[in-house]
Amino acid sequence: MAHSGIREIANEAVRRPGTIRLDVGQPDFPTPQHVKDAGKRAIDENKTFYTHTQGLLSLREKLVDKLARVNGIASSPERIASAPGGVGAIAAMFAAVLEGGDEVLLPDPGWPNYRMMLPWLGARGVYYPCPPASGFQPDLEALEHLITPRTRILVVNSPNNPTGAVYPTATIGAMIQLAQRHNLWLLSDECYDQIVLDGTWTSPAHLAPDDPRIATAFTFSKTYSMTGWRLGYLTGSGELIDTMTKRDLVLDILKEAELLIAEPSGAFYIMADVSPAGLPSRDFAFTLLRERGVSVAPGTAFGEVAGGAVRISLASSDSDLRAGVGRLAEFVHGRT
């Protein structure tokens, strides 16, 4: 993964006192006082522990109101996932949807972090032009010609970073139709949703409220000058949010039990190392089923090299995953 061109110049500027900083997208006003007071109060009240995987319910309930009022998006607490900044929300969406070899359509010019996320998922960016001559609006004809059988996600960023362009409703509608024709996910990065200088702006999820393949990312960083607080969120279909958060749930359990082999980058499966139990993978799976009431697929069902592993499906409910993976971990360590 390449370094961010923004951060390279920013890091150098930090070393030069007196530099006029026009590089980083950080508001020049402080975080509002009521936000700072609430943060300090939360620390004093010891609200510093794990929360629900999707974030505080009280926050998500308030975000439902904000999404309806500001963005025209109908959502629910179950369809919102909090994240460490907008970048965390976008990364989680990519991880939930992409597999190795997939392609993501990205605006050019565009925010560099999109393309920086893709190498660790084995995916690659394909760039659709937004030429200066058109006011940095997307060239929709060129965009459609870039679609291949491996194209998985179309990223839309309006208001846009770095150009400041806001896409007209007709353009947003055309991009939705393009994504639907080609069965693509549409990720709308709306981190600047409340910073519109001129004209109007429309969210894709408002125009196509019943499309389950539209996901929308937001952040508190820009509107509230909270860049260092690292708080963002994403709203989308229940299935998408479920996949994003369940992956983290199972990863945490397997990491703590020291049974994680590798973090998955796509689909909805994860492999767990059960070799410490001292049983062949098939014997382990059947013994776990008989003695602990948990069924997993033995690694040997998929080939020879995963003989010390089992496959866990993330398509189950949160409660089943928490209980089932917990029992698996206890069973492995109970035999060592």
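Reply: Happy to! In this predicted model, Asp37 forms a salt bridge with Lys40, with 3.9 Å between the closest N and O atoms. Both residues lie in helix α2 (residues 33–44), 3 residues apart, about one turn of the helix.

Me: Why is the contact of Asp37 with Lys40 called a salt bridge?

Reply: The rule asks for a side-chain nitrogen of Lys or Arg within 4 Å of a carboxyl oxygen of Asp or Glu. The closest N and O atoms of Lys40 and Asp37 are 3.9 Å apart, so the pair qualifies. By this rule the count comes to 6 salt bridges.

Me: What makes Lys47 count as exposed or buried?

Reply: The label "exposed" needs over 50% relative accessible area. Lys47 has 60%, so Lys47 is exposed. Its salt-bridge partner is Glu45, with the closest N and O atoms 3.2 Å apart. Glu45, at 43%, counts as partly exposed.

Me: How do you know whether Asp102 is buried or exposed?

Reply: Buried means under 20%. Asp102 has 8% relative accessibility, so Asp102 is buried. Arg150, at 38%, is partly exposed.

Me: What joins Arg150 to Asp102, and which parts does the pair tie together?

Reply: A salt bridge joins them, the closest N and O atoms being 2.9 Å apart. Arg150 sits in the loop between α6 (140–145) and β4 (151–157), and Asp102 in the loop between α4 (85–97) and β2 (103–108), so the pair ties together parts that are 48 residues apart in sequence.

Methods
Residues numbered from 1 in each chain as written. Predicted model: local features only at pLDDT ≥ 70, side-chain atom pairs only at ≥ 80, totals over all residues. Heavy atoms only, no water. Helix = DSSP H or I, 4+ residues; strand = E, 2+ residues; numbered from the N terminus. Buried < 20%, exposed > 50% of the residue type's maximum accessible area, 1.4 Å probe, protein only.
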